[in-house]
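Could you walk me through this structure, one region at a time? I would like to know which parts touch and how the terms are defined.

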Amino acid sequence: MSEQKRTPENDGRDFADAAWSVPAYLMSGILVWGGFGWLLSHWTGVYAFIPIGVILGVGLAVYLVYLKHGR
Amino acid sequence: MITPTLLLATLPFKAPEPGGFHAPGPDIFELPPLWEGAPTWLTKPTLLAMFSAVLLVVLFWGAFGNPKIVPRGLQNIGEIGYMFVREQVGRPFLGKDTDRFMPLLVSIFFMVLVWNLMGVIPFIQFPVASHIAFPIVLAVSVYLLRIVLGMKIQGPIGFFKNMMFPPGVPKAVYILLAPIEFLSNLILAPATHALRLFANMFAGHMILAFFSAVGFYFIFEDFGLLGLPVGVLGTVMTILMTALEIFIQFLQAFLFAMLAAMYIGNALHAEH
């Protein structure tokens, strides 16, 4: 939804929105995909799924922040 | 014969015996009902919460009950407070919709501020929000308002679609991104909203209780060569920490209201 005009007011809101949502996104990324990796490692016995999941989660979270606030 | 050991023993110094100084623990938050036979919910925090509400009603009634064009006295202070919330909390997030939400934002900000300040007012000295139930009720109210408003303005499906599916991404990637959005927006955001206020007030009260307990114990109960400097240090730290705590109490009230405005703003304008 980028029909909004880029006024200084909207810029301020974007900046604050981004600043406050980044930690929540990082945490969620780690929890969701790290948790999924933990489940996989639990079922398969392959321990490496946990770090893979965590790193995937962080990467996706950063990508999400870019999608929402960086463009 | 006077040995150094004997000499030491005559000095007013006592080794802290086991069972001497007790650092206050989380039990300082477990308060009994106000009097014998009172309902179990009627404790100091609930009394303070009700007292804060009455105090705010009286203050704002005094400020705006009979407004003058040229403000004087209490109205001046009330207007400064209102302007602060409007310009610093509302406008940056709500823009032209700010005025509609000012009653809510002013109430939230000043309610939390008074709750927090109860932590440093002498003889009261208990921050209401250090009982997590209070911030949870406020945060849940804001959360419900945000979801209802968002579903009303962006449509029941549109609200969640705008929130969880940012445009311009290949469809397959949504499988990876949507769970993160869901967790962060609908679960972690409201949880941290309440937890941030609670944890700050809880920790602040513990710190103040610890340093004042140190000051009191070592000056009044274990006064001696080592006790005195420790006691004085505890007292000085209590004063410094109280100043810091007043700042944090204000900051947390501001952040709580600001995040409320931000969540409402997200419901009003679709994220992009």
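Chain A comes to two helices and zero strands, where helices are DSSP runs of H or I with at least four residues, strands are runs of E with at least two, and both are numbered from the N terminus. This is a predicted model, so local features need pLDDT of at least 70 and side-chain atom pairs count only at pLDDT 80 or more, while totals for chains, interfaces and linings use all residues. Residues are numbered from 1 along each chain as its sequence is written, and chains are lettered from A and ligands numbered from 1 in the order in which they are written.

Of the 71 residues of chain A, 25% count as buried. Buried means that 20 or more other C-beta atoms lie within 10 Å of a residue's own; 12 or fewer makes a residue exposed, anything in between is partly exposed, and the C-beta atoms are placed from the backbone. Among contacts in chain A between residues at least 6 apart in sequence, 52% join residues at least 24 apart.

Now to the place where the chains meet. The contact takes 21 residues from chain A and 23 residues from chain B. On the side of chain A that touches chain B, α1 (8-44) and α2 (49-70) of chain A each supply at least two residues, and α1(A) gives the largest share, 13 residues. By class, that side of chain A holds 12 nonpolar, five polar and four charged residues. Here Ala, Val, Leu, Ile, Met, Phe, Trp, Tyr, Cys and Pro count as nonpolar, Asp, Glu, Lys and Arg as charged, and the others, Gly among them, as polar.

Is A:Leu67 exposed, partly exposed or buried? A:Leu67 is partly exposed, because 17 other C-beta atoms lie within 10 Å.

Moving on to chain B, look at how its helices pack. Helix α2 (residues 44-64) and helix α3 (residues 74-94) of chain B pack at an angle of about 110 degrees, with their axes 7 Å apart. That makes α2(B) roughly perpendicular to α3(B). The axes are lines fitted to C-alpha atoms, for helices over the stretch in contact, and angles run from 0 to 180 degrees between N-to-C directions. Angles under 35 degrees count as roughly parallel, over 145 as roughly antiparallel, 65 to 115 as roughly perpendicular and the rest as oblique. In this pair, B:Phe60, B:Gly62, B:Ala63 and B:Phe64 of α2(B) meet B:Leu74, B:Gln75, B:Ile77 and B:Gly78 of α3(B). The contact has five nonpolar, three polar and no charged residues.

Further along, helix α5 (residues 133-154) and helix α6 (residues 156-164) of chain B pack at about 105 degrees, with their axes 6 Å apart. They are therefore roughly perpendicular to each other. B:Gly150, B:Met151 and B:Gln154 in α5(B) meet B:Pro156, B:Gly158, B:Phe159 and B:Asn162 in α6(B), a contact of three nonpolar, four polar and no charged residues.

Back in α3(B), a kink of about 30 degrees is centred on B:Arg86; the bend at a residue is the angle between axes fitted to the seven residues ending there and the seven starting there. Among the buried residues of α3(B) are B:Val85, B:Val89 and B:Gly90. These three residues are also touched by B:Leu105, as are B:Ala257, B:Ala260 and B:Ala261, again not counting residues up to four places away in sequence.

Finally, B:Phe123 lies in the loop between α4 and α5 of chain B and has a positive phi of about 75 degrees although it is not a glycine. B:Phe123 is exposed, because 4 other C-beta atoms lie within 10 Å.

Note on methods. Contact = placed C-beta atoms within 7 Å.
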